[in-house]
Amino acid sequence: MARPRVRLVVTADDFGYCPRRDEGIVEAFLAGAVTSVSLLVNGAAAESAAELARRHQIPTGLHANLSEGRPVGPARHGPSSLLSPEGFFLGKMGFREAVAAGDVALPQVREELESQLSRFRELLGRDPTHVDGHQHVHVLPGVCQVFAEALQAYRVRFTRLPMERGVGGCVWLEAPARAFASSVERDAQAAVGLFSHHGLREGWDTSLRLFWRAGHGEEEHAEATGDQRPKGLGPSRPPPLPGAQARPHPPLIRKKPTRPDSVGEHFY
């Protein structure tokens, strides 16, 4: 029996974080090394990144963000369980701790996610090819339910499962990083049934964020998990433009001031 056709798909996260990062991502796309991106709509360079995606016809999904920078929805204008007293998201670990303590109001998560989906439409003029979570917030208990319901309502069919096989045994990782990755994998495993129930087709993730596409009869997508055949499906997106590596292109970034309250200004 003929084996299914396999094509590697590589998605670059954090598009819109800052101009220098975006420039590298676009150059990688034009060289054929990256095939799609996930956009931070609250990033300091979100508008210029969206322009780049349109100019170079880059398949683009939403990198939903609940942990860095400021919100784009109503939470921006008043007290919110998602924010610190200074008005910023709670951070990678701070948000997780608040979720675990029951301090995060899930209706506010839904409100912010829908605001980011709407902002994506404003920036790109279309719906995202896929939605995944910045720092994997979309698989956290409770939060994953909100994501599944919102993505189904917005007819987004594809998300990501950050299941990094064997990460708990990676002795070269420092203990805190290993523990974090293991907890993310447990959350992702627990979210599988929920995502499937809401019609989402889940891809499998590796630490390199590698996606591969397999087609047999109809075209399907999946993310690689080491030597394990993926069971889920990943974002539907076209391949890189033919001849992209040799094609000349205009300057990637139009320099302009960034907003000091955006991702890229206060974190990392």
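I began by reading along the sequence, where the chain follows the pattern β-α-β-α-β-α-α-β-α-β-α-β-β-β. I noted that the model is a predicted one. My tally for the chain is six helices and eight strands.

Next I looked up totals for the chain. It has 268 residues, and buried residues make up 53% of them. I then took the contacts between residues at least 6 apart in sequence, and found that 72% of these join residues at least 24 apart.

I turned to one helix pair. Helix 1 covers residues 19–30 and helix 2 covers residues 46–56; they pack with their axes 11 Å apart, at an angle of about 10°. Angles under 35 degrees count as roughly parallel, so helix 1 is roughly parallel to helix 2. I recorded their crossing as right-handed.

Which residues meet between helix 1 and helix 2? From helix 1 I listed Asp22, Val26, Phe29 and Leu30, and from helix 2 Ala49, Leu52 and His56. I sorted the residues of this contact into five nonpolar, one polar and one charged.

In soluble globular proteins, nonpolar side chains tend to be buried together. The largest nonpolar core here holds 55 residues, and I found that Phe15 and Phe95 touch the most other members. Helix 5, residues 143–153, gives the most to this core, with seven residues.

Note on methods
Residues are numbered from 1 along each chain as its sequence is written. This is a predicted model: local features need pLDDT of at least 70, side-chain atom pairs count only at pLDDT 80 or more; totals for chains, interfaces and linings use all residues. Side-chain values use heavy atoms; hydrogens and water are left out. Axes are lines fitted to C-alpha atoms, for helices over the stretch in contact, and angles run from 0 to 180 degrees between N-to-C directions. Helices (H or I, at least four residues) and strands (E, at least two) are DSSP runs, numbered from the N terminus. Angles under 35 degrees count as roughly parallel, over 145 as roughly antiparallel, 65 to 115 as roughly perpendicular and the rest as oblique. A crossing is left-handed if the near helix is turned anticlockwise from the far one by less than a right angle, and right-handed if clockwise. Contact means heavy atoms within 4.5 Å. Ala, Val, Leu, Ile, Met, Phe, Trp, Tyr, Cys and Pro count as nonpolar, Asp, Glu, Lys and Arg as charged, and the others, Gly among them, as polar. A nonpolar core is a set of buried Ala, Val, Leu, Ile, Met, Phe, Trp, Tyr and Cys residues joined through side-chain atoms within 4.5 Å. Buried means under 20% relative accessible area, exposed over 50%, partly exposed in between (1.4 Å probe, protein chains only).
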